[in-house]
Amino acid sequence: MNLARFPRIRLGHLPTPLEPMEALSRHLGGPKLWIKRDDCTGLSTGGNKTRKLEFLMAEALGLKADIVITQGATQSNHARQTAAAAAKLGLECLILLEDRTGYADPAYRMSGNVLMDKLHGAQVSRRPGGADMQAEMEAVAANLTARGRRPYVIPGGGSNPVGALGYVNAALELVAQAAEIGLRIDHLVHATGSAGTQAGLVAGLVALNSGIPVLGIGVRAPKPRQEANVLALAERTAAHLGLPGLIRPEHVVANCDYVGQGYGIPTQGMVEAVRLVAEKEGILLDPVYSGKGMAGLIDLIGQGRFGKEENIVFLHTGGQAGLFGYPEAFGLPPELG
Ligand SMILES: *Cc1c(COP(=O)(O)O)cnc(C)c1O
């Protein structure tokens, strides 16, 4: 496997740190918790999409695109990082935001990631919840092409085999870091949504024969659909790497018990996990992804699913900007969360 074969533009501050969470581990009574700080990728407050955009934006430039189009929910971290990357590279950026939650709170609609999209000069256009966002993007792109522009369409979350290479790269980085400090990683846990992060990690970790199992904590789809999405993309990513047939269904595991009422809708477990990690580790998680991911990890630890001496790495995928879109969630009494 040789990632240097694929066009890439450096956008992130890499490698990101791999750090122990001693206070949180002690508080929970084991296992040994570590955190891989992909919230520190640096681009416009960071997050996991930056790694994907290193490969996606390189492809856009290779195709001589002059505008990138992408889509996400109102508080999309992917949209914000895409807007920043486009700004840095001198490309125009058009973002379609889907109103998946229906929240009317002006903070949700205007602050956090939406504020930053606009600061980076992106054009923002809203769509109702349930819209076929891929079709919406294609319609906009066809319109631009007819007017002589060269649009490059990035799927939601940057999740296709090109974007997933960013998480193949993260797998290489993590395995090398762990080897350097003599850390045997027993499990890697993270929040999974549009599937590119888990697909890239699984493809990379299996290609390396690392023996590190990945557990995705779902934030939207039910388990069968989430696992099917990740598996399909992991297979395509492996094929893109020149390793067709590498991935088997048992390599892909998602737990979707922590979604709550739906994508982007706060849960009590999320609020408690965000508060706990903020108070014990001085680290901010986010309300839509890493907070629910950590809520799942904490609950599974409580159920005794991990050995006390095991080393668990939680991949922090970023998203803190979204906290500013959810001021109410953290002020509500827990029973309403
Ligand atoms: C997009 C995102 C995820 C999920 O990654 P996918 O590749 O879409 O599965 C997790 N955490 C944060 C903060 C994100 O923005």
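Me: What makes the pairing of glutamate 309 with lysine 32 a salt bridge?

Reply: The closest N and O atoms of glutamate 309 and lysine 32 are 3.2 Å apart. A salt bridge is a side-chain nitrogen of Lys or Arg within 4 Å of a carboxyl oxygen of Asp or Glu, so this pair qualifies. Glutamate 309 sits in the loop between α11 (290-302) and β10 (311-316), and lysine 32 in strand β2 (residues 32-37), so the bridge ties together parts 277 residues apart in sequence. Helices (H or I, at least four residues) and strands (E, at least two) are DSSP runs, numbered from the N terminus. Before we go on: this is a predicted model, in which local features need pLDDT of at least 70 and side-chain atom pairs pLDDT 80 or more, while totals for chains, interfaces and linings use all residues. Residues are numbered from 1 along each chain as its sequence is written, and side-chain values use heavy atoms, leaving out hydrogens and water.

Me: Why is glutamate 309 called exposed?

Reply: Its relative accessible area is 54%. Exposed means over 50%, buried under 20%, and partly exposed in between (1.4 Å probe, protein chains only). Glutamate 309 therefore counts as exposed, while lysine 32, at 39%, is partly exposed.

Me: How do you know that lysine 36 and glutamate 173 form a salt bridge?

Reply: Their closest N and O atoms are 2.6 Å apart, which is within the cut-off for a salt bridge. Lysine 36 lies in strand β2 and glutamate 173 in helix α7 (residues 161-181), so the two join parts that are 137 residues apart in sequence. Lysine 36 has a relative accessible area of 2% and is buried; glutamate 173, at 12%, is buried as well.

Me: Which residues are linked with Lys36 in a network of salt bridges?

Reply: Asp38, Arg51 and Glu173 are linked with Lys36 in that network. Arginine 51 lies in helix α2 and is buried, at 1% relative accessibility.

Me: What makes the link between arginine 51 and threonine 16 a polar contact?

Reply: Their side chains are joined at 3.3 Å. A polar contact is a pair of N or O atoms within 3.5 Å; within protein, one must be able to donate a hydrogen and the other to accept it, and residues adjacent in sequence count only if both atoms are side-chain atoms.

Me: What is the make-up of the lining of the largest pocket?

Reply: The lining divides into 10 nonpolar, 21 polar and eight charged residues. Here Ala, Val, Leu, Ile, Met, Phe, Trp, Tyr, Cys and Pro count as nonpolar, Asp, Glu, Lys and Arg as charged, and the others, Gly among them, as polar.
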